[in-house]
Amino acid sequence: MADSKISALTALTGANVEHLADSLPIEDNSVTTTKKILISELAKALKVHGTEQASTSGTEVDFTGIPAWVKRITVLFKGVSTSGTSPVLIQLGDAGGFENSGYLGTSTNFSASAIVTANFTTGFGIRAGLGAGSTRHGAIVLTMEDASDFTWVASGNVGCSDDTTASITAGSKALSAALTQVRITTVNGSDTFDAGAINILYE
């Protein structure tokens, strides 16, 4: 297990810490002893689950307080439903608030009868399950592409358990500062969530 005295580890360099089976020596100054932490345990410690939120009310679900060092966020949908037909939308935010413009990308909906694609500019859109009460499951991965201009890319799949539709989402967005929050809402901003749960995993 990781040493509880370690609050942060900002960089690892050198050939001796490349493999998960390797260990990293840690000097405990309080008792003048040397301890070890497995690289595999360190890797696990850097993958953090958020607190699951019920998507059963309101027009948005927000995850705030995301550390500035995060390079990848996975948004996880479990049985998520809304009251209307507006597509579900993921928006990114920094210290200045959530940004609702400048998104580039598409979401393609696959069903038994048709394939439909739409562009989204106010967030990363998810077209799966456009009917009221559609039940969505899946994951959208947000990955930092360029730290110098805070550019993030999105990709992932969401499918419905109450019908035969699924969607692919992909896009990019440059923020004005480091990402610290993620919002899940709808395109029209007025449809309300009425079932399911949403969580994030960041690393």
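This briefing covers the nonpolar core, the salt bridges and a nonpolar surface patch of the structure. The model is a predicted one. Its largest nonpolar core has 30 residues, and a search of the whole structure finds 4 salt bridges. A nonpolar surface patch of about 280 Å² is also present.

**Nonpolar core**

- Within the largest nonpolar core, the residues with the most contacts are Ile 73, Phe 77, Ile 90, Leu 142, Val 182 and Ile 184.
- At least two residues of this core come from each of the strands β5 (61–63), β6, β7 (88–94), β11 (124–126), β12 (136–146), β13 (151–160), β15 (181–186) and β16.
- Leaving aside residues up to four places away in sequence, Val 182 touches a set of residues that includes Val 61, Phe 63, Ile 66, Ile 73, Val 75, Ile 90, Leu 92, Phe 98 and Leu 142.
- Asp 62 and Gln 91 are also among the residues that Val 182 touches.
- As general background, nonpolar side chains in soluble globular proteins tend to be buried together.

**Salt bridges**

- In general, side chains of opposite charge can pair when their charged atoms come close.
- Glu 203 forms a salt bridge with Lys 47, with the closest N and O atoms 2.7 Å apart.
- This pair links distant parts of the chain, 156 residues apart: Glu 203 is in the segment after β16 (193–202), and Lys 47 is in the loop between α1 (39–45) and β3 (48–49).
- Glu 203 is partly exposed at 23% relative accessibility, and Lys 47 is partly exposed at 45%.
- Lys 78 forms a salt bridge with Glu 52, with the closest N and O atoms 3.1 Å apart.
- Because Lys 78 lies in strand β6 (residues 72–82) and Glu 52 in the loop between β3 and β4 (53–54), the pair ties together parts that are 26 residues apart in sequence.
- Lys 78 has a relative accessible area of 49% and is partly exposed; Glu 52, at 45%, also counts as partly exposed.
- Lys 173 forms a salt bridge with Glu 99, with the closest N and O atoms 2.8 Å apart.
- Lys 173 is in strand β14 (residues 166–174) and Glu 99 in the loop between β8 (97–98) and β9, so that this pair links distant parts of the chain, 74 residues apart.
- Both Lys 173 and Glu 99 are buried.

**Nonpolar surface patch**

- Phe 110, Ile 115 and Ile 168 make up the nonpolar surface patch of about 280 Å².
- Phe 110 belongs to strand β9 (residues 104–110).
- Phe 110 is partly exposed because its relative accessible area is 32%, a value that lies between the limits of 20% for buried and 50% for exposed.

Technical notes
Residues numbered from 1 in each chain as written. Predicted model: local features only at pLDDT ≥ 70, side-chain atom pairs only at ≥ 80, totals over all residues. Heavy atoms only, no water. Patch = residues over 30% accessible without salt bridge, like charges linked within 9 Å, V, L, I, M, F, W, Y side chains within 5 Å. Areas by Shrake-Rupley, 256 points an atom, 1.4 Å probe, with all protein chains shown as cover. Salt bridge = Lys/Arg side-chain N within 4 Å of Asp/Glu carboxyl O. Helix = DSSP H or I, 4+ residues; strand = E, 2+ residues; numbered from the N terminus. Buried < 20%, exposed > 50% of the residue type's maximum accessible area, 1.4 Å probe, protein only. Core = buried A, V, L, I, M, F, W, Y, C linked by side-chain atoms within 4.5 Å. Contact = heavy atoms within 4.5 Å.
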